[in-house]
Amino acid sequence: KYELRAIVLSGGLLSVFFFAVLYNSYSRKIDMPTCIPFDKTFEESKVKEIDKGLYEIYLVARMWTFDPEEIEIPAGSTVDFYLTSIDVVHGFHINEKGVNMMAVPGSINKITTRFEQPGIYRFVCNEFCGTGHQNMAGTIIVK
Ligand code: CUA
């Protein structure tokens, strides 16, 4: 009898978690990182305005810097970040935006974020990658 209750309860909890994930990714439009097929072109950094207020940024991580290191965009911009690494695994973290991705050599991770508020957003590597790890950071200037 108790076993049955435990099974029903845990099953219920599982579906709650499952729906929470679905809810977050679809209804609230919280950006979940996605993995896209690898292509060499992503190893060349670029900042491109593909439409009004819509940017595509190819961000390349390497020991111990990001390329580009400084990005300037107007407030209200939506940015698609395509992230890769050309040596070891690095991290990419923008504290204010709750963005957290890994930069993995040979793979591209993508996340979309909107920058409403003007300001300076620091991004850092949060994956230990060697002696220069703590200096590995960059800036997004939103005007
Ligand atoms: Cu790159 Cu830590």
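In what order do the five strands of the open sheet lie? In this predicted model, the order is β5-β11-β10-β7-β8, and the pairing within the sheet is mixed. Strands β5 (70-73) and β8 (99-103) form the edges, each pairing on one side only. On average, neighbouring strands of the sheet are turned by 20 degrees against each other, with direction ignored. In general, the strands of a sheet pair through backbone hydrogen bonds, in either a parallel or an antiparallel sense. For β5 and strand β11 (residues 137-142), the sense is parallel, and the pairing extends over four bridges. Within this pairing, isoleucine 73 has valine 142 of β11 as its bridge partner.

The chain is divided into two domains, domain 1 (1-30) and domain 2 (34-142). A distance of 33 Å separates their C-alpha centres. The mean pLDDT of the chain is 89, and 92% of the residues score at least 70. Confidence is highest in β11, at 98, and lowest in helix α1 (residues 2-26), where the mean is 73.

Charged side chains were examined next. Side chains of opposite charge can pair when their charged atoms come close. Four salt bridges are found in the whole structure. One of them joins glutamate 43 to lysine 40, with the closest N and O atoms 3.3 Å apart. Glutamate 43 has a relative accessible area of 27% and is therefore partly exposed, whereas lysine 40, at 60%, counts as exposed.

A salt bridge is also formed by lysine 46 and glutamate 56, whose closest N and O atoms lie 3.9 Å apart. This pair links distant parts of the chain, since lysine 46 belongs to strand β2 (residues 46-51) and glutamate 56 to strand β3 (residues 54-62), 10 residues apart. Lysine 46 is partly exposed, with a relative accessible area of 27%. Glutamate 56 has a relative accessibility of 13% and so counts as buried, the cut-off for this class being under 20%.

Lysine 143 counts as exposed at 61% relative accessibility, while glutamate 72, at 46%, is partly exposed.

Terms used. Residues are numbered from 1 along each chain as its sequence is written. This is a predicted model: local features need pLDDT of at least 70, side-chain atom pairs count only at pLDDT 80 or more; totals for chains, interfaces and linings use all residues. Side-chain values use heavy atoms; hydrogens and water are left out. Two strands pair if DSSP finds at least two bridges between them. Helices (H or I, at least four residues) and strands (E, at least two) are DSSP runs, numbered from the N terminus. Axes are lines fitted to C-alpha atoms, for helices over the stretch in contact, and angles run from 0 to 180 degrees between N-to-C directions. Domain bounds come from an automatic or database domain assignment. pLDDT is the predictor's confidence in each residue, from 0 to 100. A salt bridge is a side-chain nitrogen of Lys or Arg within 4 Å of a carboxyl oxygen of Asp or Glu. Buried means under 20% relative accessible area, exposed over 50%, partly exposed in between (1.4 Å probe, protein chains only).
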